[in-house]
Amino acid sequence: MEIKKPAVAGSLESSDCQITVEPNPGQGISVHLESDVKAMFGDSILETVHTVLKELSVPEAHVELRDRGALDCVIRARLQCAVCRAAETAYDWTKEDA
Amino acid sequence: MAEKTIRLKRTSLYASGVSPVNMVQAVFYNEDMLIYDLEDSVPASEKDAARFLVYQMVKHHRPKDKYVGIRVNGIYSEYLEEDLQAAVRAKPDFLRIPKVEYAREVQDISNRIAAIEEKIGMETGSIDLVVNVESYMGVINAMEIAKASPRIVAMAVSAEDLTASLKAQRTKQGLEVFYARNAVLLACRAAGIDALDVVFSDINDVAGLKEDTALAKNLGFDGKTCIHPRQIDTVNTYFTPSMKEIRYALRVLEAVEEGKRQKKGAVVLDGGMIDKPMELRALTTLAQAEAAGLHVRGEEKLS
């Protein structure tokens with residue numbers, strides 16, 4: 001997926017996270033993570049981000065993630081949504097059948 | 001069709017698809033049915049986000065001890081097709097379909113679900129349906145709707161939209177929806193499915209909730225939708241079966257077992273024929289009693 005414009009998904013409420021995805025031409029993937037539990041879960045959160053971007057075939061994007069104690073499945077959902085909004089495309093749910 | 005198991009439906013609680021914290025907390029209450037919502041609680045600008053969130057939560061974080069469902073958007077909504085694509089793949093126990101007015105609407109949705117089930121290798125009919133009747137037309141057609149698909153396990157009547165369609169005023173006493181409640185209940189009984197009652201909207205009026213729930217129980221409903229977690233324990237209490245109901249359920253099941261032992265095709269109790277829906281209702285009664293902490297299998301506990 002090509003990231004065409006900045007887009008946001010999620011919120012700063014407890015158990016949620018706010019994710020911004022922006023174009024990052026020629027720079028590959030970069031991630032900025034803010035989380036109160038970064039010391040303990042930072043690596044895991046970053047792994048989730050990179051996994052989801054790979055699943056969605058996003059070669060380059062800048063991701064800002066502000067975590068408020070979100071479960072891994074919430075982070076996945078927010079990132080999938082932000083990427084689809086940024087790519088201006090609907091999600092292909094058959095990807096989940098693999 | 002897949003074999004259906006007994007699932008309690010005394011209480012149902014919605015968790016909004018916009019709020020991860022609501023979804024996480026909803027797991028810890030005592031509701032029998034937990035419904036992740038893509039419809040009324042989700043603004044148009046967040047439909048896509050809610051769909052991703054509900055899909056991920058149901059797939060990866062669903063409670064094991066609840067009957068888990070997803071309420072999709074309405075039949076004529078632009079969101080429904082993508083809701084179905086996501087919701088079926090999340091593999092909930094059931095989908096709750098809002099604002100049903102005609103049997104053909106349920107049949108159409110059932111066919112669309114079947115196509116997705118087949119595509120992803122699920123047994124066709126695995127996903128149950130709970131249909132919401134929310135308009136005068138839905139009430140008029142309740143009987144046909146209740147029998148529209150073997151997927152349907154329950155029908156719920158929703159008072160807020162219904163009163164608007166009737167041009168009625170919503171009151172705590174609920175006389176304006178009394179006919180609709182009974183019409184839906186009769187249709188459910190005729191179809192052999194469960195009947196779910198309207199919400200009681202004033203979350204601060206405990207006495208009113210008790211009165212309304214007692215009425216629902218006495219009318220014959222199997223459960224009630226809760227608008228707030230604090231209503232759950234009260235409603236569960238009212239839908240705990242009486243000793244008389246438990247004893248009758250045990251007699252029904254004993255008669256069924258005796259009939260099997262004697263290889264009888266038809267089983268009679270107290271002069272009446274016992275059919276499959278009666279057996280399922282008896283099993284449900286015992287499951288309700290056990291969920292309330294009653295020991296129903298030992299005679300000494302019932303006396």
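This briefing covers the barrel, the domains, the chain contact and the nonpolar cores of the structure. The model is predicted. In chain B, 8 strands close into a barrel with parallel pairing. Chain B is assigned two domains, domain 1 (11-238) and domain 2 (243-302). Chain B also touches chain A, with 16 residues from chain B and 18 residues from chain A in the contact.

**Barrel of chain B**

- The strand order around the barrel is β1-β2-β3-β4-β5-β6-β7-β8. From one strand to the next, the twist averages 25°.
- Strand β1 (residues 11-16) of chain B pairs with strand β2 (residues 33-37) of chain B over 5 bridges, in the parallel sense. Here B:L13 has B:L34 as its bridge partner.
- β1(B) also pairs with strand β8 (residues 223-226) of chain B, through 3 bridges and again in the parallel sense. B:S12 is bridged to B:T225 in β8(B).
- Strand β4 (residues 94-97) of chain B runs parallel to strand β5 (residues 128-133) of chain B, and 4 bridges join them. B:D128 in β5(B) stands opposite B:F94.

**Burial of β1(B)**

- 6 of the 6 residues of β1(B) are buried, so the strand is largely enclosed by the rest of the structure.
- Both faces are covered. One side carries B:T11, B:L13 and B:A15, and the other carries B:S12, B:Y14 and B:S16.

**Helix α8 and B:V184**

- Helix α8 (residues 178-191) of chain B lies across β5, β6 (152-157) and β7 (194-197) of chain B. The helix runs at about 170° to β6(B).
- Leaving aside neighbours within four places in sequence, B:V184 is in contact with B:V133, B:V139, B:A142, B:M155, B:V157 and B:A195.

**Nonpolar cores**

- The largest nonpolar core has 101 residues. B:V54, B:I70, B:V131, B:M155 and B:V184 have the most contacts inside it.
- Helix α2 (residues 72-87) of chain A gives the largest share of this core, 11 residues.
- A second, separate core has 8 residues, among them B:A249, B:V252, B:M278 and B:V296.

- On the side of chain B that touches chain A, the elements giving two or more residues are α1 (20-26), α2 (47-61) and α3 (80-90) of chain B.
- α2(B) supplies the largest share of that side, 8 residues.
- The residues on that side of chain B divide into 9 nonpolar, 4 polar and 3 charged.

**Domains of chain B**

- The centres of domain 1 and domain 2 of chain B, taken over C-alpha atoms, are separated by 28 Å.

Methods
Residues numbered from 1 in each chain as written. Chains lettered and ligands numbered in written order. Predicted model: local features only at pLDDT ≥ 70, side-chain atom pairs only at ≥ 80, totals over all residues. Pairing = 2+ DSSP bridges. Axes fitted to C-alpha atoms, helices over the stretch in contact; angles between N-to-C directions. Contact = placed C-beta atoms within 7 Å. Nonpolar A, V, L, I, M, F, W, Y, C, P; charged D, E, K, R; others polar. Domains from an automatic or database assignment. Core = buried A, V, L, I, M, F, W, Y, C linked by C-beta atoms within 7 Å. Buried ≥ 20, exposed ≤ 12 C-beta atoms within 10 Å, placed from the backbone.
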